[in-house]
Amino acid sequence: MNQKKKQIKVFQNQDYKELGILYGLFFEDLNHAADGGLYAEMVQNRSFEYCGMDKKEYHALTAWEKAGAIEWEVRTERSMHAEKPHYLHVEAQPGGAVCNTGYNAGFFVEAGKGYDFSMYAGSVDGNVSIRVTVEEEGVVCADGHLEISGGTWKKYELQMNASRTTICGHLVLTFEAGGICDLDMISFFPQDTFLGKKGGLRKDIAEALQEMNPKFMRFPGGCLVHDGSLNDHDRNSMYRWKRTLGKVEERPTWRSNWGYNQSLGLGYFEYFCFCEEICAEPVPILPGGFNPHKGVGVPLWKIGEWVDDALDLIEFANGSCDTVWGKIRKDLGHEAPFHLKYIGIGNEEVGDGFFERYPYFHQAIREKYPEIKIINTSGPFASGESYEAGWRSAKKYGSDLIDEHYYSAPEWFLANMHHYEDYDENGPKVFLGEYASWGNTYYNALVEAAYMTHLERSKAVAMACYAPMLCNVDYVNWKPDMLWFNNHAILKTPNYYVQKLFMQNQGTDAVTFETTNLDEIIPLVDEKAITGKFAIAGNDIEGTIWDVRVTDCNTGDVITLHDIQIDKNNLENLLMEIKNSHYKVSFRFRRTAGRKGLKIYFGEKDEKNRLIWEFGGWDNWDCNIASCYAGRSSTISQRLFHVEDIEYFLELEVEDRRIRTWVNGVLYNDTADCLPKLEELYVTASVDRSSGRTILKVVNLTGEEKDVLLSLDGPARNSVIVTCLKGHGLDETNSFENPDNIIPQTERFPVYGNELSYTFTSHSVTILSFENDGFC
Ligand code: AHR
């Protein structure tokens with residue numbers, strides 16, 4: 001076959017976008033990312049503060065067991081600190097013991113390694129001798145001993161060396177001669193933490209993040225930030241940074257909206273330090289005094305306290321040591337400023353409440369700290385009412401950036417590669433603070449890589465981070481995730497490697513390139529119109545549907561269908577198969593029981609491939625359209641809506657790929673389900689002005705090899721390092737059993753005359769780093 005020669009030509013001297021801190025990380029304590037994760041503490045519920053508000057099954061003795069002749073009780077009479085009122089009172093006979101079961105299968109200790117045990121204790125009746133061990137089914141893996149004396153609370157510390165390795169140990173405190181005492185803040189850390197810090201971070205996880213070379217880290221979370229009470233002394237408080245500082249034994253513990261407890265051992269100071277240690281710009285996100293999950297906000301006359309939180313945070317990070325908060329930073333052990341440059345207010349906010357409050361933060365920060373870049377926020381989807389509200393606010397007040405979030409099917413990304421093409425590059429910049437395609441397969445990673453080439457090229461996009469970052473395999477709130485871990489190992493997903501490759505090879509400036517004979521577009525689905533089954537199901541409700549009509553808009557023919565009783569089984573009521581390219585379905589609906597609304601399915605091929613009108617979706621907040629490919633859903637239109645127990649007249653019109661809905665005659669959704677397609681190659685080029693590298697990133701999503709002549713205009717380069725993800729089936733992934741299944745491979749080649757003929761393997765991500773050494 002006579003194929004035309006394909007070419008990519010890079011103009012190394014034509015910078016068109018400073019890449020700045022484009023690629024970074026997003027840390028949120030969900031999936032036990034902090035406790036039982038990055039925070040290396042192994043004792044679960046170390047201060048007996050767990051309770052039913054954190055999680056229904058929790059109580060003060062969760063993760064604790066007793067053995068032998070021992071009485072115990074959690075008390076509050078002589079608390080060590082008001083923030084942590086509970087402690088354990090023990091009355092033991094000789095040999096009685098208490099033990100902690102830790103996270104996952106238990107404690108992980110490794111033979112030959114050192115561990116720091118500590119606890120606060122006070123004896124009630126004479127000295128109490130305690131043997132501290134880590135045991136696996138009675139077999140001792142680490143052993144130590146301490147003596148409690150005196151009734152006042154004192155800290156007792158013990159360094160222990162493990163003699164055996166276990167991944168399912170229990171921490172056992174045995175009262176050898178019996179005794180009566182009170183115990184609190186029982187703690188067990190590895191000494192081999194990240195950078196060897198006492199009470200620090202889990203080394204393997206922290207190092208996996210550090211080696212990515214992220215340019216920033218957004219923290220402490222998404223919904224974690226704004227979900228909860230407005231009172232910072234409530235156990236379910238929104239995330240209020242000031243309450244996370246200081247000695248760990250004096251910090252409160254909180255309910256996490258992800259259904260567990262936050263010890264807050266990892267607090268704001270630790271986040272700032274970690275950012276500094278991994279050379280990532282800190283990007284803290286503060287709540288805007290509004291909880292979008294409940295639609296409740298602080299009254300405007302009280303907003304000052306919340307705005308002060310933002311101003312004080314900047315002072316804490318950057319202020320000199322003679323300012324109030326700068327001194328607090330110094331007293332915590334960090335005299336030098338953290339050089340904070342960014343602050344985010346709000347997280348994927350929906351509803352007017354947030355946007356009424358945002359200007360107070362914005363104006364105060366601008367006035368006092370004009371050098372700080374302020375990040376506004378849009379909703380949880382790539383389009384729709386909340387997204388538009390965020391953008392309106394960001395443009396109106398002149399936010400520097402706006403935080404966009406979306407989790408979608410790979411097919412959504414394939415259909416929306418040029419999402420940022422029409423964005424105004426002179427307005428607020430995009431901070432894509434959360435995104436992922438649903439899944440951790442090789443295919444997901446390839447699609448994300450292709451999308452990242454467009455993020456890199458777009459002048460509108462300034463920052464982007466994959467989400468979520470961490471997940472403990474035994475405590476999954478959300479998937480996919482970038483790094484998975486248990487108590488002793490981590491699993492780097494293909495998505496992680498893509499992020500890492502792009503971070504390590506970001507460059508300082510994007511440069512122009514041109515392609516020749518690389519313009520083929522391959523449609524993945526050939527369906528001009530949305531056709532298929534039409535069905536309706538309740539979403540945990542009861543109700544009635546009547547007056548159902550289907551109109552063929554091409555002919556004007558109307559079919560009237562039977563009434564439906566919706567019951568709580570959420571069963572799909574199939575109404576008919578629709579084959580027209582332009583049709584309208586209308587019906588009346590009244591809910592009679594339950595809190596949510598309906599799921600209206602159309603264009604359904606099967607349960608995994610269909611469109612859904614979610615009327616009263618997500619806890620009855622939304623009127624959305626979702627497009628579902630291979631069981632993975634993407635929201636393509638969002639409007640806020642609460643279904644009530646009244647009569648509604650609902651209409652859905654489908655015209656080719658366009659979808660419109662009306663509620664009682666008012667247009668609610670107007671969107672198009674764009675079809676996924678493949679471009680022949682996805683390409684971006686950058687230069688690293690500090691190291692003198694020229695970097696070409698190329699993603700081949702097709703099933704064919706592509707032979708391409710690469711040529712560099714500008715400075716001579718004589719060698720290239722090629723790093724590739726290639727040679728895998730699209731469904732493959734990494735696992736704990738086979739963690740290195742998908743990993744990058746690196747080679748170095750000479751370059752002659754600034755040209756290289758290169759074959760991009762089918763289904764591959766390739767990073768070519770052109771340099772000036774290695775070969776002469
Ligand atoms: O990343 C998981 C969650 O997704 C975040 O908490 C929230 O911001 C988003 O909805």
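Colleague: How far is an oxygen atom of the ligand from an N or O atom in the side chain of Asn 347?

Modeller: First, this is a predicted model, so local features need pLDDT of at least 70 and side-chain atom pairs 80 or more, while totals for chains, interfaces and linings use all residues. Residues are numbered from 1 along each chain as its sequence is written, and side-chain values use heavy atoms, without hydrogens or water. For Asn 347, the distance is 3.1 Å.

Colleague: What about Glu 434: how far is an N or O atom in its side chain from an oxygen atom of the ligand?

Modeller: Start with Tyr 407, where a polar side-chain atom lies 2.7 Å from a ligand oxygen. For the side chain of Glu 434, the value is 2.7 Å.

Colleague: What share of the ligand's exposed area does the protein bury?

Modeller: Accessible areas come from the Shrake-Rupley method with a 1.4 Å probe. Taken alone, the ligand exposes 280 Å². The protein buries a share of 95%.

Colleague: What volume does the largest cavity have?

Modeller: A cavity is a set of points, on a 1 Å grid over the protein atoms alone, where a 1.4 Å probe fits but cannot get out. Grid points are joined across faces, edges and corners, and the volume is the space filled by probe spheres set on them. Three cavities here have 30 Å³ or more. The largest cavity comes to about 110 Å³.

How values were computed: A polar contact is a pair of N or O atoms within 3.5 Å; within protein, one must be able to donate a hydrogen and the other to accept it, and residues adjacent in sequence count only if both atoms are side-chain atoms. On a 1 Å grid over the protein atoms alone, a cavity is a set of points where a 1.4 Å probe fits but cannot get out, and a pocket is an open set with protein on both sides within 12 Å along at least five of seven lines; lining residues have an atom within 4 Å of a point.
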